[in-house]
Amino acid sequence: MAAREIAVKRYVVKLSDEEREQLDTLIHAGKHPARQLMKARILLKADASEGGEGWSDSQISRALNTSVATVSRTRQQLVQEGFAAVLTRKHSAASARPRIFAAEAKLIALACSKPPKGRARWTLRLLEETVVELNIVDRASDNTIGRTLKKTRSNPICSGNG
């Protein structure tokens, strides 16, 4: 364990008074994502500057009930990428799931239109079949249709047909 802590010390956290104050405010005011709060607490505990606590990774992981690896990665990210990068979540275009139903406006217009002859209202299955028939999308599921329309159901833009 001691060898692990010595290896980690190459990423030494030294916060300015302003950064320390910003982290303290983040922790004690408002609502913030748990990941962001955890990283703020780690940085405050790891701070080796004059006003900081300067704890080891194992002490921090025990105190905050997290892994030593998380503490180590947070130190490393601060040193390599900077203060702002640690507190902001990375969003990768490659990892984000593309929207399945890009023709949302056409779906809403269809759901607001009169249902087909012999039908009292549109069903998710019927909408699913119709958007494929009309070449609005290549394929869709009733689940996708339902998720897409969900926001309009709570605040209807249609006159009872949605």
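Colleague: Where is Asp 47 found?

Modeller: Asp 47 is in the loop between helix H3 (34-46) and helix H4 (57-64). Helices here are DSSP runs of H or I with at least four residues, and strands are runs of E with at least two, numbered from the N terminus. One note before we go on: this is a predicted model, where local features need pLDDT of at least 70 and side-chain atom pairs count only at pLDDT 80 or more, while totals for chains, interfaces and linings use all residues. Residues are numbered from 1 along each chain as its sequence is written, and side-chain values use heavy atoms, with hydrogens and water left out.

Colleague: What makes Asp 47 count as buried?

Modeller: Buried means under 20% relative accessible area, exposed means over 50%, and partly exposed is in between (1.4 Å probe, protein chains only). Asp 47 has 0% relative accessibility, so it counts as buried.

Colleague: Which residues is Asp 47 in contact with, leaving aside its neighbours within four places in sequence?

Modeller: Among them are Val 13, Leu 15, Arg 20 and Glu 53. Contact means heavy atoms within 4.5 Å.

Colleague: Why is the pair of Arg 20 and Asp 17 called a salt bridge?

Modeller: The term asks for a side-chain nitrogen of Lys or Arg within 4 Å of a carboxyl oxygen of Asp or Glu. For Arg 20 and Asp 17 the closest N and O atoms are 2.6 Å apart, so the pair meets the definition. Both lie in helix H2 (residues 17-28), 3 residues apart, about one turn of the helix. Arg 20 is buried at 15%, whereas Asp 17 is exposed at 58%.

Colleague: How do you know that Glu 53 is partly exposed?

Modeller: Its relative accessible area is 43%, so Glu 53 falls in the in-between class. Glu 53 also forms a salt bridge with Lys 45, with the closest N and O atoms 3.4 Å apart.

Colleague: What do the side chains of Arg 75 and Asp 57 meet in?

Modeller: They meet in a salt bridge, at 2.4 Å from N to O. Arg 75 lies in helix H5 and Asp 57 in helix H4, so the pair ties together parts that are 18 residues apart in sequence. Arg 75 is buried at 2%, and Asp 57 is buried with a relative accessible area of 2%. Elsewhere, salt bridges that share partners join Asp 17, Arg 20 and Asp 47 into one network. The whole structure has 5 salt bridges.

Colleague: Why is Trp 122 called buried?

Modeller: Its relative accessible area is 8%, which is under 20%, so Trp 122 is buried. Trp 122 sits in the loop between helix H7 (104-112) and helix H8 (124-133).
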